[in-house]
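Biologist: Please take a close look at one part of this model for me. I would like one connected answer.

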Amino acid sequence: MRVSRRGMLTGAAAVGAAGVIGFEGQATAEVEREPVELTWFGTHAWEIRCGKSVVLTDPWLTRFKTGTFTPEGADPKTKLVIDPKVVDKHVSTADVILVHHGHYDHLADVPYVGKRTQATVLCTETHANLLRAMKTPDDLLSPVRGGEYLPFDGFAIEVFPSLHSCGGKRHTYAYPGYRYAVPLRPRVIEDLVEGGTLAFVITIGGLRILSLSTANFDPNALRDLQVDVVLAAPGGEPGITDRLLRTIKPVRKVIATHWDDFDKPLDEPGVPWTDLTPLRTSVQKTGAEFVVLDHLQKVTL
């Protein structure tokens, strides 16, 4: 799936690409389009590559059995495991690692990936404290909270406050909480608390990609945001994707993320943990294209 190497970004997209925020709808600029390659490593683990620039989102590749999608649910005392051989097979370089929230299926491999790539790790202060407890070099960590515009060589990152998906009678999610100081080293999955959720916009190769690690979002933070592509997850409260796509400006393409049963191996086809039909229907009725990749599959935009 390829697009023209030249394209038009308007409004917030053009302004963001120019490195200025806050003047949405006041500018139109022609930008040079370059191919942007996305590779999906399951869950919300993505490699976004353009030329020599590489951005990783929540790079969790080890995948160990937790029981998350069984009737009994995850065992909170499941031991954290990092398998360097699995990570090394797929990840060798990165400029930036974006941590969207602190749960094990997002954070557990970040210490190893960070040390291997020497990438800048953007995360909340809670995530940073958890990563410090897991022996991540402190000079790699860059705590953020939303509102930041961060230019890097070849791309830019905008940070937005966000929300974790909720569900059930009490509208809850697993392992909430914050860490205001460096805790004891996390040993089991419940030690990796949510710690605040972030959303990111990656402006790279003339594209603006909104990365959401859960189905939920902060409507005040994303209102009238203009992007080209959204990474969107299934699940969450009823109608949540409809609300997202009404909150941001019309988008051309939505790519499904975090839809696989991550107890299953990464080198086998993804097994959906939920029906993707509601997400697909919500996207398609807006006129946007809905894209689903399988494990280790790539798409060039």
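Biologist: Does Arg 185 count as buried, partly exposed or exposed, and why?

Modeller: This is a predicted model: local features need pLDDT of at least 70, side-chain atom pairs count only at pLDDT 80 or more, and totals for chains, interfaces and linings use all residues. Residues are numbered from 1 along each chain as its sequence is written, and side-chain values use heavy atoms, leaving out hydrogens and water.

Arg 185 counts as partly exposed because its relative accessibility is 35%. Buried means under 20% relative accessible area, exposed over 50%, and partly exposed in between (1.4 Å probe, protein chains only). Arg 185 sits in the loop between β10 (155–162) and β11 (197–204). Strands here are DSSP runs of E, at least two residues; helices are runs of H or I, at least four; both are numbered from the N terminus.

Arg 185 also belongs to a positive surface patch, together with Lys 115, Lys 135 and Arg 187. Patch residues have over 30% relative accessible area and no salt bridge, and like charges are joined within 9 Å. Lys and Arg count as positive; His and the chain ends are not counted. The charge is placed at NZ of Lys or CZ of Arg. Areas come from the Shrake-Rupley method with a 1.4 Å probe, and for residues only the protein chains shown count as cover. A salt bridge is a side-chain nitrogen of Lys or Arg within 4 Å of a carboxyl oxygen of Asp or Glu.

Now helix α4, residues 110–117. Its buried residues include Val 113 and Gly 114. The buried residues of α4 pack against several elements, among them β7 (120–123) and α5 (125–133). Contact means heavy atoms within 4.5 Å. Just after α4, Gln 118 has a positive phi of about 60°.

Next, Leu 141 in strand β8 (residues 141–143). Leu 141 counts as buried, because its relative accessibility is 10%. Beyond its neighbours within four places in sequence, Leu 141 touches Val 121, Ala 128, Leu 131, Arg 132 and Thr 136.

One of those partners, Arg 132, forms a salt bridge with Glu 125 (2.8 Å, N to O). Arg 132 is partly exposed, at 23% relative accessibility. Glu 125 is partly exposed too, at 39%.

Buried residues make up 53% of its 301 residues. A search of the whole structure finds 11 salt bridges.

Technical notes:
Patch = residues over 30% accessible without salt bridge, like charges linked within 9 Å, V, L, I, M, F, W, Y side chains within 5 Å.
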